[in-house]
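Today I am looking up strands, rings, cores and a pocket, one entry at a time.

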Amino acid sequence: MKLTNKSRIPKVSIVIRTKNEEQWIEQCLIKISKQSYNNYEIIIVDNKSKDSTLSKISKFKVKLVKVNKFFPGDALNRGIKKSTGDIIVCLSAHCIPENNDWLMKLVQNFKDEKVAGVYGRQLPLAYSSDFDKRDLYTFFGLEKRIQKKDTFFHNANSAFMRSTWKKFPFNPELTNIEDRIWGQEVINAGLNIVYEPKSCVYHHHGIHQDANEDRARKIVK
């Protein structure tokens, strides 16, 4: 996959799920607009936001999909169905790309047909809790790796080919960790997952959301 010729670079569809994200969404979209990789579209999947999220979104060129009942995998599937890109990128609304090459570094890993998905690094903010800082620094290190057995995958900052998603859509009925289940499915099918630390975002609450016991219980279940 050549990424040097503008006329030939694959189109990317960035799917962002939102619910009351007024604090973050504008910063997120501004940072996307500054990316060096510029052949992309943005699809917002909103779950009945009551704050100024939709007002802030209206300032940008995006496709808007509204859902009344939220399941993470279902929301992603709905957004992807409205998209047109060859590569799908999932980005949390409260994740802010750390630099202007975030998107390029994420999607350049699909030269290998064995790669099912790529996920990037997540960094805490200065005011993130110590629990979240610990988790993010532990899970998202500086060394790139190809996962052939490890099924960990994280849709706060991830990418996969549309052709792969057609074979492995997200489970629409799961209440959480749809990304981990998806990772298990593609690894079981003999494909690989890439962790790309150079594709980096700031994520204020971390993967365990400040040691939230209810979330931990659901993940264990």
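I began with terms: two strands pair if DSSP finds at least two bridges between them. Helices (H or I, at least four residues) and strands (E, at least two) are DSSP runs, numbered from the N terminus.

A note on the source: this is a predicted model, where local features need pLDDT of at least 70 and side-chain atom pairs count only at pLDDT 80 or more, while totals for chains, interfaces and linings use all residues. Residues are numbered from 1 along each chain as its sequence is written, and side-chain values use heavy atoms, with hydrogens and water left out.

**Entry: strand β8**

I looked up the partners of β8 (residues 157-161). β6 pairs with β8 in the antiparallel sense over 3 bridges, and valine 118 has alanine 159 as its bridge partner there. β4 and β8 also run antiparallel, joined by 5 bridges; here valine 89 has alanine 159 as its bridge partner. Next I checked burial (buried means under 20% relative accessible area, exposed over 50%, partly exposed in between, with a 1.4 Å probe and protein chains only). Of the 5 residues of β8, 4 are buried, so the strand is largely enclosed by the rest of the structure.

**Entry: strand β9**

How many of the 12 residues of β9 are buried? I found 10, so to speak a mostly covered strand, spanning residues 192-203. β6 runs parallel to β9, with 8 bridges, and glycine 120 stands opposite glutamate 196. β5 (residues 95-97) is antiparallel to β9 over 3 bridges, with isoleucine 96 opposite tyrosine 202. β7 is antiparallel to β9 too, again with 3 bridges, and arginine 145 has tyrosine 195 as its bridge partner.

**Entry: aromatic rings**

I counted rings of Phe, Tyr and Trp (its six-membered ring) as paired if their centres lie within 6.5 Å; planes under 30 degrees apart are stacked, over 60 edge-to-face, and the rest tilted. The structure has 11 aromatic pairs. Tyrosine 119 and phenylalanine 140 are edge-to-face, because their planes stand at 75°, with centres 6.3 Å apart. Tyrosine 119 sits in β6 (residues 115-123) and phenylalanine 140 in the loop between α5 (130-139) and β7 (145-147), 21 residues apart. Both residues are buried.

Phenylalanine 160 and tryptophan 182 make a tilted pair, 5.4 Å centre to centre with 40° between the planes. Phenylalanine 160 is in β8 and tryptophan 182 in helix α7 (residues 178-188), so the pair ties together parts 22 residues apart in sequence. These two are buried as well. Ring pairs link a cluster that includes Tyr119, Phe140, Phe160, Trp182 and Tyr195.

**Entry: nonpolar cores**

A nonpolar core is a set of buried Ala, Val, Leu, Ile, Met, Phe, Trp, Tyr and Cys residues joined through side-chain atoms within 4.5 Å. The largest has 31 residues, and those with the most contacts inside it are Ile14, Ile16, Ile32, Val89, Leu91 and Trp102. Among the elements giving two or more residues to this core are β1 (12-18), α1 (25-33) and β2 (40-46). Apart from it lies another core of 27 residues, including Ala116, Leu136, Phe140 and Leu191.

**Entry: a pocket lining**

Which element gives the most to the lining of the second largest pocket? I found α6, with 3 residues.
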